[in-house]
Every structure is written in structure tokens, then in C-alpha cells.
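Welcome! Take a moment with the sequence and the 3D view below, and then let us walk through them together.

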Amino acid sequence: MIQIFALLSVIPFYTCIQSVVGKKTHNLLELILLLSLYLAGVWFLYHGLALPDYGESTSPGTLPVILATLLCLLTLMQSLAVSRGQADNLSSNRTTPIPFIMLTGATAVYLLLVPLTGYYPATTGYLLTVLFLARERLMLSVFITVFWLIAVFLLFERALGISMPEGLWTS
Amino acid sequence: MMELISQLLTGLTTVMTVSGISMLIIGVLIGIIIGALPGMNPAMGVALIVPLTYGMDPSAAFILFVATYQAANYGGSITAIAINTPGTPSSAVTAIDGFALTKKGHPEKALGAALIASTVGGLIGGIILVLFAIPIAQVALAFGPAEYCMLAVFGLSTVVAFQPENWKKGCIGIVLGLLLSMVIADPFTGDIRFSGEIYELYDGISFIPALIGLFAFAEILTYFLFPESESDSKSEVTATPFLPFKSIKTFPAAFLRSSLIGTLIGIIPGAGATIASFISYGQGKRFSKEAELFGKGSEEGIIASEAANSSSVGGALIPLLSLGIPGSATDAVLLGALTLHGLVAGPELFVKNPEIVYGIFVSLLLANFLIFFFGWTGNRIWLAVIKIPSSRLVPIILVLCLLGSYASRGSSFDMWICFLFGILGCFLKRAGYQPATVVLGLVLGGMIEVNYRRTLLMGDYSLFYTRPVSALFLGLTILSFVMPVIRTFKKSKPNTSE
């Protein structure tokens with residue numbers, strides 16, 4: 001079964017390529033999403049089938065395999081509908097990927113830094129970066145950052161007793 | 001009846017003391033703040049104040065707990081409406097219509113609707129608790145795995161409300177959510193499923209960070225990726241006053257129906273406020289005269305969600321007080337607090353400590369009036385927050401999302417969950433999929449799988465349709481999916497005849 005579904009992944013791949021070649025970028029985002037979900041479905045199917053089988057009702061893989069198959073079938077059907085132009089008309093607002101990429105990149109770096117530097121130093125850098133990306137004035141950015149750090153310390157650490165992550169480098 | 005009135009007067013005497021009223025006010029204020037903080041939930045709020053009550057009189061302590069519990073359920077709606085960050089899981093549904101109304105420039109309407117729905121829902125839940133605690137608790141005990149499974153499957157039918165225009169998109173969202181709920185060590189055999197070497201996933205994908213990611217983080221990523229769409233949709237905030245009694249007069253059925261659904265689901269141990277608000281929203285849309293407005297800023301949608309999650313508190317207290325069975329995580333904390341104060345939940349509590357039981361009943365009812373008062377006053381602050389320019393508000397929401405995700409379990413890994421679900425939510429939204437459908441799958445997945453397998457271990461598939469309550473839910477599920485098809489067919493009939 002897994003081989004069949006792996007082969008069928010050609011369909012969402014083809015619809016994506018067709019959309020790019022035909023310059024129908026309107027639905028490209030949905031097609032890429034569907035392709036990703038289809039591949040996720042195949043991944044779940046592969047790992048679900050690999051789980052041990054204890055009989056119909058107690059098998060850990062029974063429901064996941066059914067659901068993964070369903071996800072693959074639904075995404076295939078939707079991919080075909082989108083490529084035939086039967087899907088909903090979506091608004092085609094202009095995307096600005098650079099701030100988006102910078103924001104996601106900054107967030108990933110921040111999340112990697114938190115366990116190393118601890119919450120407060122990492123958050124200072126991150127919040128200033130995001131405020132810069134949002135085109136906020138420098139002095140106000142510094143004020144907002146300091147206000148945030150004090151608020152977190154007083155509300156979360158002192159009042160609620162939730163310790164913020166400590167860093168390997170700073171502890 | 002006379003005995004009940006006299007017991008309620010005993011409860012009223014317990015509450016109407018300086019310490020009782022102080023605890024009620026403090027509890028409501030703490031609850032609203034805890035509920036509004038993303039990552040904090042009512043259970044955490046009550047757990048945090050338990051150590052403060054060690055030396056306190058049990059009656060005063062339980063007034064504080066109940067007021068916090070009820071107010072936290074309302075508090076979740078504030079951030080859900082103002083900044084699309086559900087403070088509690090049960091307010092996720094409120095965010096859909098609440099934030100849509102805020103974007104249209106009517107946050108005061110959304111905040112007002114949530115407030116009045118919480119008050120009315122909480123009162124109805126409280127009244128049902130007072131009148132029918134013991135007989136209803138016995139009915140709740142009749143729920144077996146087949147009933148739980150079918151209740152959850154019935155909950156899935158809410159997808160019709162979330163994605164009515166494209167069933168395939170709705171189903172893709174739900175199936176994805178259900179699959180993600182199975183990234184957890186198998187609850188029966190302990191086999192590790194789909195988590196590879198990431199041991200943080202052995203307990204499953206943490207729900208609160210996923211929720212914050214799909215709603216709030218996704219919204220911010222959309223703001224950066226599609227600034228045009230954001231500015232298009234941002235309207236001037238108007239200062240139209242919200243009229244609560246007009247709202248009750250316009251949607252009386254919605255208030256009553258949602259409160260009853262919330263109370264009934266609250267009674268069932270393990271179901272809880274989140275499932276109650278999802279089911280109530282689905283039913284709300286089904287019976288609404290303005291169903292097309294749901295998801296686009298419907299006041300009735302907010303009422304459906306908020307009345308249900310607030311009334312579920314009264315419902316959840318029924319099995320806890322009368323049978324000693326905690327219906328939710330918060331009730332489990334309350335059960336622990338009862339033990340801590342040397343009390344045992346169950347029928348004997350009504351006989352031995354009526355002043356505490358009826359004190360809880362009365363404080364639950366009174367807390368709703370205080371929630372209304374403080375909510376009404378506090379809404380001005382939230383309206384001011386909404387008016388802050390996006391360039392200042394968005395970065396703060398971003399760090400708040402990540403902090404809330406961390407605070408829910410004290411795990412840095414949960415910040416990654418929030419981030420990744422944020423990216424998923426951003427693309428789902430832009431492609432016309434409702435992230436709420438994924439949340440629905442995530443909420444119900446575990447309940448469906450565990451009870452489906454338990455049912456089959458007890459017998460066979462016939463249990464699903466031979467047990468009366470299970471059969472009822474099965475019938476309702478089929479109806480929920482079939483009715484929209486029939487309606488569409490009826491609507492298209494005159495056209496075909498022409």
C-alpha cells in the first residue's frame with residue numbers, strides 16, 4: 001500500500017509544477033500545502049504500518065493508518081480540484097517574503113539561543129530585532145523591551161512562581 | 001424545596017461575610033488575569049492559589065477557588081478577542097468570531113457579547129448545579145467508552161460549522177488534527193508512535209502551544225507575509241456601546257441552548273469546557289437564522305462558545321461534589337484541595353458540611369455578577385490595548401505567544417511547537433483552510449482513539465449502536481452531516497425546476 005501512495009505523490013507534484021509553468025501562482029500556495037500534507041500522510045502511513053500488530057482492537061497503528069490513508073486520498077482529491085480550477089477563489093494579495101523569512105529565521109535563532117543564553121538575554125535581542133523589522137523607533141524599542149523583561153520577571157517569576165529558562169552559558 | 005432554600009440561605013450566610021466577599025472579589029480578579037494570560041489555564045490558576053489557603057477557613061478557601069475557576073473561563077475570551085491569542089483552550093472557538101469582529105472595528109461588541117454570554121452561561125450552569133446535582137451525576141456515571149467515543153465523533157461534526165463551503169478542506173483539517181493527536185506513546189501498549197528520538201513528544205503534542213501557534217502566531221506571520229491583506233482588513237475601532245440586554249433579547253435561544261449544552265457536557269467527566277464550546281458552536285450555527293455570519297464576526301457565534309464554556313463549570317462541579325469524581329483538570333485540583341482541608345467529596349459532604357457545599361453554590365452564582373462588573377469595567381483597558389499601533393503590539397504578542405507556550409509546561413520545546421504550528425496555521429489560513437478544524441481534531445483525537453479501542457476490547461462494533469446514549473450520539477452525528485446536504489439540495493431544487 002505504501003508503494004502505491006508513494007507513487008501517487010506524482011499527482012500533487014505534477015499539479016505544483018503545472019501551476020508554476022502555467023504561471024497560475026494564484027493557487028500555488030495551496031498546491032504546495034497539499035503536497036506537504038500528502039507527503040506527511042505517506043510518512044504517517046509508513047510509520048503506522050511499521051508499528052507492531054496485536055490484533056484489530058489493540059493495535060497502536062490501526063487508527064493512524066486509516067487516518068493517514070484518508071489524508072492522502074483527501075489531499076489528492078483536493079489537488080486535482082485545485083489544478084482543474086474547481087477550488088475556491090482565494091484573494092491574491094502580494095506577498096512580502098523577505099520580512100517573513102527574516103522573522104521566521106530570527107524566531108528559529110531565538111529558540112536555539114534560549115537554552116544557551118537563558119530567557120532574558122535571548123529575549124532582549126529577539127524583541128529588539130522584531131521591533132526593528134516592524135519599523136519601530138529605536139528608543140521606543142528599547143523602552144518596550146525593558147518594560148517587557150521587567151513585566152515577565154515580576155508577573156511570571158515573582159507572582160506566579162514560573163522560572164524562566166536558564167542558559168548553559170549563563171548559569 | 002423548602003430544605004433547599006434553607007440550605008441556600010446557609011450558603012449565603014457563609015459567603016456574605018467580610019472574608020467571604022473579599023475572597024469572592026480576589027478570586028474573580030485573579031481568575032480574569034490568569035485566564036487572560038496565554039498558556040495559563042483555570043487548573044493552573046486554582047493550583048497556584050491552593051498553597052495560599054493552608055491556614056484559611058475551608059469555606060473562605062473554596063469561595064476563592066470557585067470564583068477563580070469561573071472567572072478564568074471568562075478571562076480566556078479577552079485575549080482571544082483582542083489579539084487572537086486564546087487565553088484558555090476553551091476560548092479558541094471564541095477567537096474565530098471574536099477576532100473577526102475586532103478586525104471589523106467592533107471589539108466592544110465582541111467583548112460585550114463574550115461577557116454577557118459568560119455571565120448568563122455561568123448563572124444557568126450554577127442554577128442547574130443547585131437544583132439537580134445528585135440525580136444528574138448518576139446519569140453521567142452511565143457513560144461508558146462507547147458513549148464517550150460517539151460524543152467525540154459527534155463533536156467532529158462541528159466541522160460543518162467551520163468549513164461549510166468546502167467539505168474537503170474541513171475534512172483535511174480534521175484528519176490532520178486527528179493524526180497529530182496520535183503523535184504520542186500508545187496509551188494501551190506503550191509503543192512509541194511517530195515521535196522518533198524526540199522524547200518530549202512521548203507525552204504527545206502539547207495542546208496549548210499548538211493552539212497559540214495556530215491562532216496567534218499564525219496571525220502575526222500573516223501580518224509580515226501579507227501586509228496588504230492586514231492593512232485592508234484593519235478597520236477603525238468604533239466606540240459604539242454594547243447593550244447586553246438587547247443581546248439577550250435578540251438571541252435568547254442561543255443563550256439557553258449553549259448554556260444547556262455546556263452544563264451537560266461539563267457533567268460528563270473528561271469532556272470539559274473545550275469540547276463543550278466546540279459542540280455548542282456547531283449546534284449554534286446549525287440553528288442560527290444568520291448561519292452565514294458564523295466565522296466572519298458573528299455575535300451569536302461568540303455567545304455559543306462563551307455561554308457553553310462558562311456553564312460547563314457548574315456542570316463539572318456536579319460529579320465532583322456529589323460523587324467525588326473530577327470532571328476536568330481544575331476539578332482534580334479542587335478534589336486535592338478538599339482533601340487538603342480535611343474534607344471528602346461525595347454525598348456525605350452535603351450532610352456533614354452543608355455550609356461549604358452551599359457556600360460553593362452561592363459563590364458560583366455571585367461570582368458571575370462580579371465577573372460582569374469587573375469585565376464591564378476592564379473592557380475599556382482592552383479597547384485601549386487594541387488601539388495600540390500594530391508595529392508595537394505585534395512584537396509584544398509574538399514574545400507573549402512564545403512565553404505562554406513555555407509557561408504551560410515549563411518546557412522550551414513547547415516554544416518550538418508554537419512556532420511550527422504558527423507556520424502551519426499561516427499557510428492553512430492563506431490557502432483558505434480553517435485552523436480551527438485542526439484544533440478540533442487535536443482536541444478529540446485522544447478521546448476517540450482511547451474509547452474506540454476500549455469499546456472494542458469490551459465487545460464489538462455493535463456496542464456503538466445498541467447502547468441507547470451511544471446510539472443517540474451516532475444518530476445526531478449522521479443528522480449533523482446529512483442535514484446540510486439536504487438543505488443544499490432543497491435550495492437548489494427551485495433552480496433545477498426552472
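## Salt bridges and a network

A salt bridge here is a side-chain nitrogen of Lys or Arg within 4 Å of a carboxyl oxygen of Asp or Glu. By that rule, B:Asp186, B:Arg193, B:Glu449 and B:Arg453 are linked in a network of salt bridges. Within it, B:Arg453 and B:Glu449 pair at 3.0 Å, N to O. Because these two sit four residues apart in helix α21 of chain B, about one helical turn separates them. Both B:Arg453 and B:Glu449 are buried, where buried means under 20% relative accessible area, exposed over 50%, and partly exposed in between (1.4 Å probe, protein chains only). Helices (H or I, at least four residues) and strands (E, at least two) are DSSP runs, numbered from the N terminus.

Another pair in chain B joins B:Lys103 to B:Glu219, again a salt bridge, at 3.2 Å from N to O. This one links distant parts of the chain, with B:Lys103 in helix α5 and B:Glu219 in helix α10 of chain B, 116 residues apart. B:Lys103 is partly exposed at 25% relative accessible area, while B:Glu219 is buried at 8%. Over all chains, the search finds ten salt bridges.

## How to read the model

This is a predicted model, in which local features need pLDDT of at least 70 and side-chain atom pairs count only at pLDDT 80 or more, while totals for chains, interfaces and linings use all residues. Residues are numbered from 1 along each chain as its sequence is written, chains are lettered from A and ligands numbered from 1 in the order in which they are written, and side-chain values use heavy atoms, leaving out hydrogens and water.

Chain A has seven helices and zero strands. Of its 171 residues, 45% count as buried. Confidence in chain A is lowest in helix α2 (residues 10-21), at a mean of 72, and highest in helix α6 (residues 119-133), at 92.

## Where the chains meet

The contact (heavy atoms within 4.5 Å) takes 63 residues from chain B and 67 residues from chain A. About 6,000 Å² is buried between the two chains, and carbon and sulfur atoms give 78% of that area. Buried area is the accessible area (1.4 Å probe) that two parts lose on being put together, summed over both. A:Leu160, in the segment after α7 (138-159) of chain A, is buried at 13% relative accessibility. Leaving aside neighbours within four places in sequence, A:Leu160 has contacts that include B:Ile34, B:Leu37, B:Met40 and B:Leu48.

How many salt bridges does the rule find across the interface of chain B and chain A? There are two across this interface. In one, A:Glu136 forms a salt bridge with B:Arg392, the closest N and O atoms being 3.2 Å apart. The pair crosses from the loop between α6 and α7 of chain A to helix α19 of chain B. A:Glu136 is buried at 11%, whereas B:Arg392 is partly exposed at 29%. B:Lys169 and A:Glu30 also meet in a salt bridge, at 3.9 Å from N to O.

## Two positive phi angles

Most residues other than glycine have a negative phi. B:Asn84 has a positive phi, near 60°, and lies in the loop between α4 (58-83) and α5 (92-103) of chain B. B:Phe194 also has a positive phi near 60°, in the loop between α9 and α10 of chain B. B:Asn84 is buried at 5% relative accessibility, and B:Phe194 is buried at 9%.

Notes: pLDDT = per-residue confidence, 0-100.
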